[in-house]
Amino acid sequence: MVRVTPTHRRAVLRTGAKIAAGGALAAGCGTGHAARPPVSAAPKPPPAHPPAGPRAYPGQPAQITHGPRTRPRVALTFHGQGDPALAHALLDTAEQRGARLTVLAVGTWLDQHPDLARRILDGGHDLGNHTQRHIGVNTLPEAEARREITDCAARLKRLTGSIGTWFRPSRAPAASPLVARLARAVGYPHVLSYDVDSLDYTRPGAAAVTREVLAGVRNGSVVSLHFGYPDTVAALPDVLTELGRRGLRAVTTTELLS
């Protein structure tokens, strides 16, 4: 059984103490709204050569839950919101171990921490759209659902020069037909879902997050995780170690499907 080491526990306790001083943790897709963190400094201008935007993958469904089962690759995808210190810790850990992530960012989070958009891309990770306010987009009237997608896309475009590579609906594992149609109209040919849910937003402890991921992951899996939870920070090193032991490489979703 994969275990979280004492070193990881100490790191999580330190991070958790900082969060307790600064406010509540961000909510996952199954919980309530997060407390609003302080606004960061103005972002740098977008790069002269913006990153690639969304692309169509022939043969893939409109809603992608996993990649090819024939290649030993997996995509660790993160719902992007919450304390920026945890986001930096996760990105640093992934990069130190040669892993690349996919981050689906919430628009209000980008407004509060605009520097993180470039930080994610500079690390070689995918960056995408997880709606503007992280509310139940499938339940909204058409005009409001469209705004949730377009407003986040506009933030990404302003910060990076691209609307991002992926769209994932907020507070649902899959998009309704209406939301999928609206996302296509904005420029996202596919909705990114997942086949493995870490359940990290329930705060079950790092060992439970690790077990949940490793119990379901296999070739081509897309794993749902979240920024904003110390359990996830503590679990990531053990998840990556075990993936490596199984011969599975953590790549961006773009690379998973390419």
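Guide: A residue is called buried when its relative accessible area is under 20%, exposed when that area is over 50%, and partly exposed in between. The model discussed here is a predicted one.

Visitor: Which residues point one way from E3, and which point the other way?

Guide: In a regular strand, side chains alternate between the two faces of the sheet. The residues of E3 are buried on both sides. Thr-102 and Leu-104 point one way, and the other way point Val-103 and Ala-105.

Visitor: Which residue stands opposite Thr-102 in E3?

Guide: Strand E3 pairs with E2 in the parallel sense, over 4 bridges. Within E3, Thr-102 has as its opposite residue Thr-77.

Visitor: How many helices and strands does the protein chain have, and what share of its residues is buried?

Guide: The secondary structure of the chain comes to 9 helices and 8 strands. The chain has 258 residues, and the part of them that counts as buried is 51%.

Visitor: How far apart are the end C-alpha atoms of H5?

Guide: Helix H5 has 19 residues, which should span 27 Å at 1.5 Å a residue. The value in the model agrees with this expectation: the end C-alpha atoms are separated by 27 Å.

Visitor: What arc do the buried residues of H5 cover around the axis?

Guide: The buried residues of H5 are Ala-145, Glu-148, Ile-149, Cys-152, Ala-153, Leu-156, Leu-159 and Thr-160. They lie on the same side of H5, because the arc they cover around the axis is only 135°.

Visitor: Which elements do the buried residues of H5 pack against?

Guide: An α-helix has 3.6 residues a turn, so residues three or four places apart point the same way. The buried residues of H5 pack against both strands and helices, namely strands E3 and E4 and helices H3, H4 and H6.

Visitor: What is the relative accessible area of Cys-152?

Guide: Cys-152 has its place in helix H5. Leaving aside neighbours within four places in sequence, Cys-152 is in contact with several residues, among them Ala-105, Gly-107 and His-130. Cys-152 is buried, because a residue counts as buried under 20% and the relative accessible area of Cys-152 is 0%.

Visitor: What distance separates the C-alpha atoms of Cys-152 and Asp-111?

Guide: Along the chain, Cys-152 and Asp-111 are 41 residues apart. In the model, their C-alpha atoms are separated by 9.6 Å.

Visitor: Which residue forms a salt bridge with Arg-181?

Guide: Side chains of opposite charge can pair when their charged atoms come close. The closest N and O atoms of the pair are 3.5 Å apart, and the partner of Arg-181 is Glu-142.

Visitor: In which helices do Arg-181 and Glu-142 lie?

Guide: The salt bridge between Arg-181 and Glu-142 ties together parts that are 39 residues apart in sequence. Arg-181 is partly exposed at 41% relative accessibility, and Glu-142 is partly exposed at 33%. Arg-181 lies in H6 and Glu-142 in H5.

Visitor: How far apart are the closest N and O atoms of the salt bridge between Arg-69 and Asp-195?

Guide: The structure holds 12 salt bridges. The pair of Arg-69 and Asp-195 links distant parts of the chain, 126 residues apart. Arg-69 is partly exposed at 25%, and Asp-195 is partly exposed at 29%. The closest N and O atoms of this pair are apart by 3.0 Å.

Visitor: Is Glu-242 buried or exposed?

Guide: Glu-242 forms a salt bridge with Arg-246, and Arg-246 is partly exposed with a relative accessible area of 37%. The relative accessible area of Glu-242 is 10%. Because the limit is under 20%, Glu-242 counts as buried.

Note on methods:
Residues numbered from 1 in each chain as written. Predicted model: local features only at pLDDT ≥ 70, side-chain atom pairs only at ≥ 80, totals over all residues. Heavy atoms only, no water. Salt bridge = Lys/Arg side-chain N within 4 Å of Asp/Glu carboxyl O. Helix = DSSP H or I, 4+ residues; strand = E, 2+ residues; numbered from the N terminus. Buried < 20%, exposed > 50% of the residue type's maximum accessible area, 1.4 Å probe, protein only. Expected span 1.5 Å × (residues − 1). Arc of directions from axis to C-beta. Contact = heavy atoms within 4.5 Å. Pairing = 2+ DSSP bridges.
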